[in-house]
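Let's walk through this protein together, starting with its pockets and then turning to a pair of helices.

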Amino acid sequence: MAHSPHVVVVTAQNFQSVVLDGSCERPVLVDFWADWCAPCRSLMPILAKLAEEYGGRFLLAKVDTDREQVLAGQFGIRSLPTVQLFRDGQVVDQFMGALPESQVRDFLDRHLPRASDRLLAAARELMASGDLAGASAMVERARAEDPDNVRLRLAEVQLTALRGDVAQARAALDALPMELVDDPEVLALRGQLRFAVALEGAPSEPELAARVAVAAGDCQARYQLAAALVMRGDYQGALDQLLEIMRRDRAFGDDAGRKGMLAVFDLLGGSGDLVARYRARMMNVLY
């Protein structure tokens, strides 16, 4: 195999830097293979070709399992070839066997960033600031540039929910392609829709904030305010409100403060600094 900047041989010595640390910068596709494995040899040229074609959108890392048995055991490799995709230091997906090029390409396209993703990220920021018109315009720009980006549909679902049409947003989520069913962003959207129900018929966020400022014990207004904050992505603000509900009235809404905090933790993936800090604060209130 000719030298390529997009393909690298990985050993136990450089796995941390190349794969775990490197996947925080761009996705890393790890090919666990062995020389005696005929399907491995069939898959290798496909992976190498795609690494070149995608031009650095992912790094192909090759692990010879005969030489790196500890690594193979560490990542649960039981059959060859096994190909795992790493992002942010974690395995996010994998496949086994020598798939045809079309299926490998589909696998990659589900996970690799696209040019239009930057527009969708900007749209999400506008949603978080309450600028739904600006977010909608940004989504349309993304559609014009890249109509095949399935994440357009996720942005549209979020816009629909923020506009208050929870039933339509739920229906749109249920109609998403099967490959997105367990996508973290989809799971987060489903969690957001649970909070969206609390906002049906509710006053605006500024009105709710004003009510809470005047009547700190108004847990209904405080919960709706937390829901509004969740819907626009201010998870820390929402957790502050839910924690205050816990402090003031554990009986409100059948322990809605605690259950709401747990739901937000799920939206955040169940880990990270924000989750750790607020989980500790929740435990202090409980005990």
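The largest pocket is lined by 46 residues, with R87, R151, D183, P184 and E185 nearest its centre. A pocket here is an open set of points on a 1 Å grid over the protein atoms alone, where a 1.4 Å probe fits and protein lies on both sides within 12 Å along at least five of seven lines; lining residues have an atom within 4 Å of a point. Among the elements giving two or more residues to this lining are β5 (90–96), α7 (151–162) and α9 (184–198), and α9 supplies the largest share, 8 residues. Helices are DSSP runs of H or I with at least four residues, and strands are runs of E with at least two, numbered from the N terminus.

Please keep in mind that this is a predicted model, in which local features need pLDDT of at least 70 and side-chain atom pairs count only at pLDDT 80 or more, while totals for chains, interfaces and linings use all residues. Residues are numbered from 1 along each chain as its sequence is written, and side-chain values use heavy atoms, leaving out hydrogens and water.

The second largest pocket holds about 330 Å³ of space, a volume being the space filled by probe spheres set on the grid points, which are joined across faces, edges and corners. Of its 19 lining residues, A161, L162, L199, A228 and M231 are the closest to the centre. Helices α7, α10 (205–214) and α11 each give two or more residues to this lining.

Now look at how α10 meets α11: E205, L208, A209, R211 and V212 in α10 contact A221, R222, Q224, L225, A228 and L229 in α11, with contact meaning heavy atoms within 4.5 Å.
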